Structures are given as C-alpha cells and as structure tokens.
Amino acid sequence: MNETRTTCPYCGTGCGLRVSGASANVAGQIPAIKVQGDNSHPANLGRICVKGSALDKTMGLQGRLLAPHIKHQRVSWEQALDHAAQRLADIIQQYGPDAIAFYASGQLLTEDYYAANKLMKGFIGSGNIDTNSRLCMSSAVAAYKRAFGEDAVPCNYEDIELADVVVLVGSNLAWAHPVLWQRLAAARAARPDMQIIAIDPRRSTTCAEADLHLAITPGSDSALFTGLVNWLITEGKEDALWRSRTVGRTETAQAAAPWTADKVAEYCGLSRNQVEAFYQLYCKPRRVMTLWCMGINQSATGTDKCNAIINAHLVSGQIASPGCGPFSLTGQPNAMGGREVGGLANQLAAHMDFTPEAIERVGRFWGSNRTAHKPGYKAVELFQAVERGDIKAIWIMGTNPAVSLPDTNQVARALAMCECVIVSDITAHTTTAAFADVLFPAQGWGEKEGTVTNSERRISRQRRFAEPPGEARPDWWIIAQIARRMGYEKAFDWSHPHEIFSEHAALTGFENQGERLFDISRLSRLTRTEWEQLQPIQWPVNSHYPAGCPRLFQDGVFAFPDGKARLVPVHPQPPRGTTSKYYPLVMNTGRIRDQWHTMTRTGMVEGLLQHRNKPYCEINPADASQAGITENRLVRLQSATGWMLCRAVITDAQPVGQVFVPMHWSSQFALQSQPGALITAHRCEISGQPESKFTPVRA
Ligand code: SF4
C-alpha cells in the first residue's frame, strides 16, 4: 500500500501524518485513504487529534470548485487568467499599484505565499498584501520584534514537556492545539510535580484540567504580568545574568511599580491569594514556560500584552534554556511560513522591514526596480480601503474574510462594491466566493506539493498523494500565470515548487551579514530529490546551524546593534469597547475542538459535527435568568455593528456578564449565525490585530 508522509492542514501544531491508500480523485468518488500520526515527526511523535484523523472524510468532491469561472460562468483557464491579468493591469494603469490588494491565508503553502508576496511587493510595487494571519499572531510578531529585534519564537515543543511550570494564558490548548495538549498531559502524568496554570476568564476544558485556574477579568492580562514583573523585582528574583543581557530595565520597573499584588488582584478580579499563588509558583527557581494564543493576541493592546509576558521571562531569566521561554502558538498550519516570506503588509520579505537598504537589496535579488517602498494596509484597514474606493481590485487566496474578519457587514459592503474581486479557493461555496468576479479553482491538501512552518519554527513538507480534481491548479501556478501575463515572465518562470523554495531560501541568506536570524540559505542548495525528501527542520538552517536550531538566543545575543534584548515598559490599558446598559455582556469568541475556521472542510464531516452541531452561546445561569433565556432556546445576540442567532447553553463555566461564542459558523451552515457580524473593528495600533475577544453585546 502506498504511504505518503505529509503535514496536517489544520492547526499550528503542524503534526506529521502518514497517509496510506490514496487513489485518484475521480468525479463522484472519494479517495480511500487512511490517516495516522507519523511517529517520526518531532511535532507529534505519532499522536493525532480528532480533526486530523477525520481528514479522510474531507477528500471528496462535495463543494469543490472544479473549473475557473468569470461572473459565475464556467470558462477556460486561458480566459480566466487573461481576464484577471488584464483587469489588474488596467486598474494599475488607471489608479496606480496601490489600487490593488491581495488577501492571503495561513492555509497557503510557503511557496504559494512567496509567489504572492513577490508579485505584489516586487512587481506590482505595492505593500498591499496582508493575510488572515493578521487575526492570528501579528501581536506576537510585533512583540518579539520589540523585545528581540526579530520575529523569532525562542523555544520549542520539547521545552513544554521539560518545564516545571507551564502557564497557559488566552489559550484553550486542549481544544485548539489538541496534540500539544496531549504532550503536556503526558508529561504531567510522568512528572506529578509539574504545574499547569491556566489564565482565562472562562472555565474552558483546559482550565478545568489545570492545577490553578485564574479566571481574570477580560482584558486584564497585561496587569497580571506587569504585576509579576514588579513582584520579581521587589522580591529580589531578577536574574543577574539576564539583567546584563537586557536594556530598558529602569523604565520597565517604573511602569510596573504601581502594580502591587493588591492592585493586580483588584484590577484582574482575583483574590490576593490567587495572585500570590501564581507569582510564587512562577518565582520558584524552576523552569517556566508561558504559552499564549488568541486570548492575548486578539486585543486592541495585544502587542503590549505579549511584551508584558516576555518582560517577565527576560527579568526572571526563564528563557533560552531547556524548559523555559515565552511561546506564542500560531493558530494556522502555515502562519509562520507567511511571516517568513513577508506575507504581512508591514514586512517586505524574509523578515526584512521596509528599510531603504532592504528595499534595494530585495529589488536587486528579484531583478525588479518596482519594489514597494512602504508598508501596505493591514487586514481590517485593507477592507476599509476597499469600501472607500481606494482599492479597486482584491485577490483573496484560500480564506473567507466575509465570515472571519470583524464587522463582516462592512466586509460584505466592500466586496459588493469592489470593481474586481478575484478568489482562489478549493470551493465556490464560501460567503466570500459569492462576491467573486473571477474564481480560480485551487488544489487542496493532499493534491499539491510544498512546505509549511509550525509554531516552533519547524519546516515540514506537505506532499501530494491524490490526483487534483477537475481543473484545479496549485496557488503558486495561478499567481505565476497572472504575473507572466502582466509582463513578468522571467521572474515567475517556475515549473515546480522546489524552484520557488530554493529561491525563497536563497533570499533569506542574500547579503545577510548575520543581522537576520531567519536564514535558511543552506536549504537553497537542495536538489529536487532532496527537497522532496526533506525532513522536518527548525530554522535557522545556515552555516552556523546546518542541522537547524531548536532553541534560540542561548548565547544571549539579540538582533539589536548592542546585542541586548529590550524590556518594554507596559502600562496596562482596558479593552477599547465598554459595556453599557444597552450592551451589558462581553462576548468572547474562540475555537471549538472539532471544527476548523469557517468549517469549509470540517463542516462536511458528520462525525465532527456530532461534537457541537449548531451555533451556540455559553451564558451564565444568572445572566440567562435575567434575560429570560432557557437552555437551548434561540438567542439573538446584538452588538453595535450587527446581530446573530444561536442556541443558549447555560453553564457556570461562563462568568457572570460574559458570553462565549464559537467563531466557526456562518450563514452557509445556519441562518444569521456569524459572530464576525458583531465584532467591532477595534485593533491594536502597533500590530493591527483586531480585538475579537471583547465585544459588548446584549442577549
Ligand atoms: Fe492537525 Fe492540529 Fe490535530 Fe495535529 S493537533 S492533527 S496539526 S489539527
């Protein structure tokens, strides 16, 4: 039986999978495959979760887009490509390059992402390419850059198992990263002295399993960690070595000084005993990991929250050694790969910013004198620019922003009035695809070749094991075909994703005198056969680290001219929105265990729907009683921007004054069930990441 080793297309854990028994994807037939965890993959060591193990049920043709379309009429590839390229060229000629935008996805492979970024920033000449990863981890990216001088996750999954104390903040790890949770639970079972601390306003599955659950007031995370910094300093728990490796200590200590344990307790809605219990566990001379996810990143002060966490690790010295570190988990399978190629509007390429030197250097590497010279619009601003008419054409690749962005009514208005909407996807049945003037059928998981990078910087291969259906093509191919029609034949003359990967890897080392940690130039020399057989490896991969690097900054040297890390003074701020007598409840959103994003794949699997089969909101019994809501009753949630319908689940796991709504449902699955319609477009001024965890609503 054929067996293919590949990587899961869902969460940022990036599990290795063994797929056996593939067959041709013939119309009407579901390829018969069996999916198992790959024992040899370091991310999961053979483990797999329910979503991964149900991947075989998602390989059918239900809902697949099988041919290109213009205005919902089937056309040939030639017609679709010619039409789209001409529309883009006409708009550039009439309005300039900044009238074009791409909106990409952490679902894309690195090679696809690289091609899209190169076309937009290198040849169209605009910074207007952003991604749904803006909603995922852009606050962590900004915080790492502020603290380390580079967007670099210092630690790895093995460190989670080695830690004595694991702090989970804004992360329902048990549901959002199930295999990482399995690894953590197994480590604790083997080492009963290991402590898990969960910080989350609601009692999630993760919190119920933790040794200590701190149900903080929504949005008060910065205060908790800034108070921790103050505690570390006043209790004499600073690490002397790391004090010498950082700057900004005076300003950071001053900012933290008001945040005594009493003040933190009051601000965070905790008892002083709870705050002290957390600080004392953290302060013991043990190994501490802090893992965070969307509960921290998706905030109008997300970057400061991340830096408050990183500050605590730098002050205590809990970093750059086994079992220690501040670790932002990515949500998507290739959110990290998008960061690497420059898929965020504020990055140029290969972890380079829009500095004059980098613009010149990247332009020379690409052979282009049209390289963008300034950042473009970030996700929310990008769709606002579409509605203003500043952007006339948008190409959306592998994502569904009409469901997943905040204020989806605004996104729908923008797409409805946009002169040219191009969508590349595996399905035409998304809310976004309904707005498309041009639809390109993309290849899906198991049908295409490329690489992804998981949360711990580990590059893994996604491999093809099934024939693509209909006329589906790889995303990189579609992008290259458009680029060639726009006159950039030579720069996009690729015939295989291996060539794109080699070019991307070469760019990371191009005239890199060691100022950029992200350097995988050694992989640029791989032959096609070696690339096809590439084993999972953690960047950097260069002459210093030919076998990759599992743990960064062990030499205590950071990417600033003085080599020192930065402590960032944090002044905790409340969330941007405020409750009122009209909107007395705070709506929090998040993932559930068995669904993925807007359900375009997992929503097809009957077995996965059995976990939760309809949109719902969790609400405290007191709030339900006050609003006259009974169990399973249809509830209308209303915010300042929109409304949705869902069933009530009454539970004391949800604190008084707060409701929780899964992020996944949309009108594709249930009438008026889209939480994005309610979420306001508040976002972090530094990272641009929207505040999806704090929306005032009424029920
Ligand atoms: Fe896939 Fe994530 Fe489950 Fe691993 S934990 S099998 S990457 S969904």
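Domain bounds here come from an automatic or database domain assignment. On that basis, the protein is divided into domain 1 (3-58), domain 2 (69-135 + 333-495), domain 3 (138-329) and domain 4 (585-697). The model is predicted.

**Domain 1 and domain 3**
- The C-alpha centres of domain 1 and domain 3 are 33 Å apart.
- Contact between the two involves 9 residues of domain 1 and 8 residues of domain 3.
- On the domain 1 side of this contact, 5 residues are nonpolar, 3 are polar and 1 is charged.

**Ligand shell**
- The ligand is surrounded by 14 residues.
- Cys8, Cys11, Cys15, Cys49 and Gly52 are the closest of them.
- Domain 1 (3-58) and domain 3 (138-329) each give at least three residues to the shell.
- Two helices, α1 (50-53) and α7 (178-190), supply at least two shell residues each.
- By class, the shell holds 8 nonpolar, 5 polar and 1 charged residues.

**Strand β8**
- β8 pairs with strand β9 (residues 195-199) in the parallel sense, over 5 bridges.
- β8 also pairs with strand β12 (residues 288-292), again in the parallel sense and over 5 bridges.

**Helix α11**
- In α11 (residues 249-256), the buried residues are Thr252, Ala255 and Ala256.
- Viewed down the helix axis, these buried residues fall within an arc of 95 degrees, so they line one face of α11.
- Thr250 and Gln254 are exposed, on the face of α11 turned away from the buried side.
- The cover over the buried residues of α11 includes α9 (221-234) and α15 (302-316).

Notes: Residues are numbered from 1 along each chain as its sequence is written. This is a predicted model: local features need pLDDT of at least 70, side-chain atom pairs count only at pLDDT 80 or more; totals for chains, interfaces and linings use all residues. A residue is near a molecule or strand if its C-beta atom, placed from the backbone, lies within 6 Å of it. Helices (H or I, at least four residues) and strands (E, at least two) are DSSP runs, numbered from the N terminus. Ala, Val, Leu, Ile, Met, Phe, Trp, Tyr, Cys and Pro count as nonpolar, Asp, Glu, Lys and Arg as charged, and the others, Gly among them, as polar. Two residues are in contact if their C-beta atoms, placed from the backbone, lie within 7 Å. Two strands pair if DSSP finds at least two bridges between them. A residue is buried if 20 or more other C-beta atoms lie within 10 Å of its own, exposed if 12 or fewer, and partly exposed in between; C-beta atoms are placed from the backbone. The arc is that of the directions from the helix axis to the C-beta atoms.
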